[in-house]
Amino acid sequence: MSPRVFLFFLMCAGYCFSQESERAHTYTFEANQFYGSIILHNPDISHLITDHPAGVVLAYNRKTFGLKEWEEWYNYPDLGGSFIYHNTNSSVLGEAYAVYAHFNFYFLKRNLQFRVAQGLAYMTNPYDRETNFRNNAYGTRLLSSNYAMINYHKENIYKGLGFKAGISITHFSNANVKAPNTSTNTFAFNMGLTYTLEGKDTEYIRREKVRLTESIKYNLVFRGGINESDNIGHGQYPFYIFSAYADKRLGRKSAVQLGADVFFSNFLKELIRYQSISFPENDIDPDTDFKRVGVFVGHELFINKLSIETQLGYYVYYPFDFEGKVYNRLSLKRYFGDKVFGVVSLKSHAAAAEAVEFGVGIRL
């Protein structure tokens with residue numbers, strides 16, 4: 001994964017946040033402490049779970065009041081950024097320093113806050129063939145990271161100070177950009193304080209709801225990147241994906257999709273060659289085609305110029321068996337105008353990540 005490209009994409013998202021209005025806003029600042037456990041999602045990391053991770057979450061949030069229509073659709077969420085210091089309390093895994101962009105969504109009269117965040121993490125002790133060969137979770141120093149947090153959230157209890165407490169799950173992975181990459185997921189309890197800095201926008205704007213209708217749209221997407229098989233040392237190879245799909249808008253927030261992908265994953269060439277030589281009992285032909293073709297159904301959730309895609313696919317052309325015929329993709333998109341978009345995707349087979357995909361597309 002190219003950190004510069006990914007950071008650029010996040011900056012675009014931040015630009016989207018910053019352009020909502022030039023008027024003063026209400027901001028909140030918070031500090032949370034967490035304590036938890038690494039989830040044993042893969043038996044290969046059992047030797048790494050030796051203690052309980054702990055750390056802090058620092059964040060700022062900018063409130064919305066309906067200056068843009070989408071803010072009212074989602075019950076006036078917060079836009080913000082956060083920083084996490086994550087100490088695994090493991091000499092093998094080390095520590096993580098991570099930055100994120102996030103949304104806060106509110107429920108139950110704004111007493112329940114749900115946060116989703118995406119960002120980048122710096123790991124202090126990744127895998128090293130000579131000095132840290134036991135760390136099969138993190139193959140690179142820079143990782144993709146995301147977290148979700150649910151809190152009881154009460155602001156401005158006394159002179160701007162408030163309180164929050166809840167649970168979170170934090171994920172660190174490089175999405176098989178380089179092996180090893182078994183990744184980790186930390187489930188934690190958190191508690192902290194908030195401080196509200198009052199601004200001028202304090203009244204929620206409400207509009208008459210108008211139904212959004214749209215004809216079927218057709219999308220063309222080109223994605224690419226680099227990745228590696230799970231075999232350490234096999235090397236990183238480029239991949240290319242061509243996608244075409246139709247989508248139908250169901251309303252303001254969502255659309256459904258139906259389409260197809262063609263995959264040119266060059267790491268499979270090396271994997272096919274390796275297995276044909278190392279495991280002759282499997283009777284793998286070294287000339288087996290590495291290409292795959294899949295069909296998928298999907299859903300797109302629109303949030304202003306950003307959207308979140310989820311897709312579930314099935315390979316209809318699958319000459320080499322790799323992780324099964326079912327695949328899934330989670331994407332973050334940013335629209336530039338009405339037709340052109342950029343997209344960052346995580347493609348997986350169930351919980352086994354295959355690649356981080358960077359793409360551009362057009363919606364006609």
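Which residue does the side chain of Glu72 meet in a salt bridge? In this predicted model, in which local features need pLDDT of at least 70 and side-chain atom pairs count only at pLDDT 80 or more, totals for chains, interfaces and linings use all residues. Residues are numbered from 1 along each chain as its sequence is written, and side-chain values use heavy atoms, with hydrogens and water left out.

The partner of Glu72 is Arg207, with an N to O distance of 3.9 Å, a salt bridge being defined as a side-chain nitrogen of Lys or Arg within 4 Å of a carboxyl oxygen of Asp or Glu. Glu72 belongs to helix H2 (residues 69-73), whereas Arg207 is in the loop between strand S8 (184-197) and strand S9 (217-227), so the pair ties together parts that are 135 residues apart in sequence; helices (H or I, at least four residues) and strands (E, at least two) are DSSP runs numbered from the N terminus. Glu72 is buried at a relative accessible area of 17%, while Arg207, at 30%, is partly exposed (buried, under 20% relative accessible area; exposed, over 50%; partly exposed, in between; 1.4 Å probe, protein chains only).

In total, the count comes to 16 salt bridges. Among them, Lys333 pairs with Glu309 at 3.2 Å between the closest N and O atoms, linking strand S14 (residues 326-336) to strand S13 (residues 306-317) across 24 residues, and both Lys333 and Glu309 are buried.

Glu357 and Arg329 form a further salt bridge at 2.9 Å, N to O. Glu357 lies in strand S16 (residues 352-363) and Arg329 in strand S14, so this pair ties together parts 28 residues apart in sequence; Glu357 and Arg329 are both buried.
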